[in-house]
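Subject: A structure for you to look at

Hello,

Here is the structure I promised to hand over. Please open it next to this email and follow along as you read.

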Amino acid sequence: MTKQMLLTLAIGASFLMLAAPAVRADDDDDEGDQAAVVKALPQAKVSLGQALLASAHEGTPISAKFEVEDGKLQLSVYAMKADKFSEVIVDHVSGKVGKVEAITEGEDLGEARAQGAAMKGAKKSLAAALREALKANIGYKAISIVPSLKDGHAMAEIALAKGTEIKTVDQKLD
């Protein structure tokens, strides 16, 4: 190889080594990162099912999830009352509602509308679907439940964790 080719390869390799951590840092938002959630999950004293019940006075729960936001575990429930949506933050240690914020715009509103539409066609609550999924998957903890319409049927996608293993199951809501 010529010196020029070696220099070009060295510069390219250096660029890749420097760029890769920068890309990872941008992607390491933690929100939605199930591995980060599983790692932080032992801090939670409250289950996803308990959060669904705690948030019910704010409206019908239409989804729930554990997430890591700003490096901290958070338990979030989307709720629907009439045609209004809110995000209910449930304290993952005490089970008390900590904060309620209206969802009025952006991607969150789009997700809430889709989840609300799925729940309008549901005959079963998210809590009931979650109980069935956990009964069929002994030893797992639920980390999220999100409804959607699939082929015209209301379904809930439930992410479950056992140790570091994560799996997703679908549960019928109609």
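Below is what I found in it, going from the whole chain to single residues.

**Before you start**

This is a predicted model, so local features need pLDDT of at least 70 and side-chain atom pairs count only at pLDDT 80 or more, while totals for chains, interfaces and linings use all residues. Residues are numbered from 1 along each chain as its sequence is written, and side-chain values use heavy atoms, with hydrogens and water left out.

**The overall picture**

The protein has five helices and seven strands. Helices (H or I, at least four residues) and strands (E, at least two) are DSSP runs, numbered from the N terminus. Along the sequence they follow the pattern α-α-α-β-β-β-β-α-α-β-β-β.

Of the 174 residues in the protein, 38% are buried. Here buried means under 20% relative accessible area, exposed means over 50%, and partly exposed is in between (1.4 Å probe, protein chains only). If you take the contacts (heavy atoms within 4.5 Å) between residues at least 6 apart in sequence, 47% of them join residues at least 24 apart.

**The sheet**

In what order do the seven strands stand in the sheet? The order is S4-S3-S2-S1-S5-S6-S7, in an open sheet with antiparallel pairing. Two strands count as paired if DSSP finds at least two bridges between them. Strand S4 (97-103) and S7 are at the edges with a single partner strand each, so one side of each has no neighbour in the sheet. From one strand to the next, the twist averages 25 degrees. For this and other angles, axes are lines fitted to C-alpha atoms (for helices, over the stretch in contact), and angles run from 0 to 180 degrees between N-to-C directions.

S1 pairs with S2 in the antiparallel sense over nine bridges, and Pro61 stands opposite Ala79 in S2. These two strands form a hairpin with two residues between them, and Asp70 in the turn has a positive phi of about 55 degrees. S1 is also joined to S5 by two bridges, again antiparallel, with Lys65 opposite Ser144 in S5.

S2 and S3 run antiparallel and are joined by seven bridges; the partner of Leu75 in S3 is Val90. Strand S6 (residues 153-162) pairs with S7 in the antiparallel sense over eight bridges, and there Ala156 has Gln171 of S7 as its bridge partner. S6 and S7 form a hairpin with two residues between them, where Gly163 in the turn has a positive phi of about 65 degrees.

**The helices**

H3 lies across S1, S2, S3, S4 and S5, at about 125 degrees to S1. The axes of helix H3 (residues 48-55) and helix H5 (residues 126-136) come within 10 Å and cross at roughly 170 degrees.

H4 lies across S1, S2, S3, S4, S5 and S6, at about 75 degrees to S5. Its buried residues are Leu109, Ala112, Gln115, Gly116, Ala118 and Met119.

**Salt bridges**

Side chains of opposite charge can pair when their charged atoms come close. A salt bridge here is a side-chain nitrogen of Lys or Arg within 4 Å of a carboxyl oxygen of Asp or Glu, and by this rule there are five.

- Glu67 pairs with Lys65, with the closest N and O atoms 3.6 Å apart. Glu67 is buried, at 2% relative accessibility, whereas Lys65 is partly exposed, at 29%.
- Asp83 pairs with Lys120, with the closest N and O atoms 3.5 Å apart. Asp83 lies in the loop between strand S2 (72-81) and strand S3 (84-90) and Lys120 in helix H4, so the pair ties together parts that are 37 residues apart in sequence. Both residues are exposed.
- Asp170 pairs with Lys150, with the closest N and O atoms 3.5 Å apart. Asp170 is in strand S7 (residues 165-172) and Lys150 in strand S5 (residues 141-150), so this pair ties together parts 20 residues apart in sequence.

Happy exploring!
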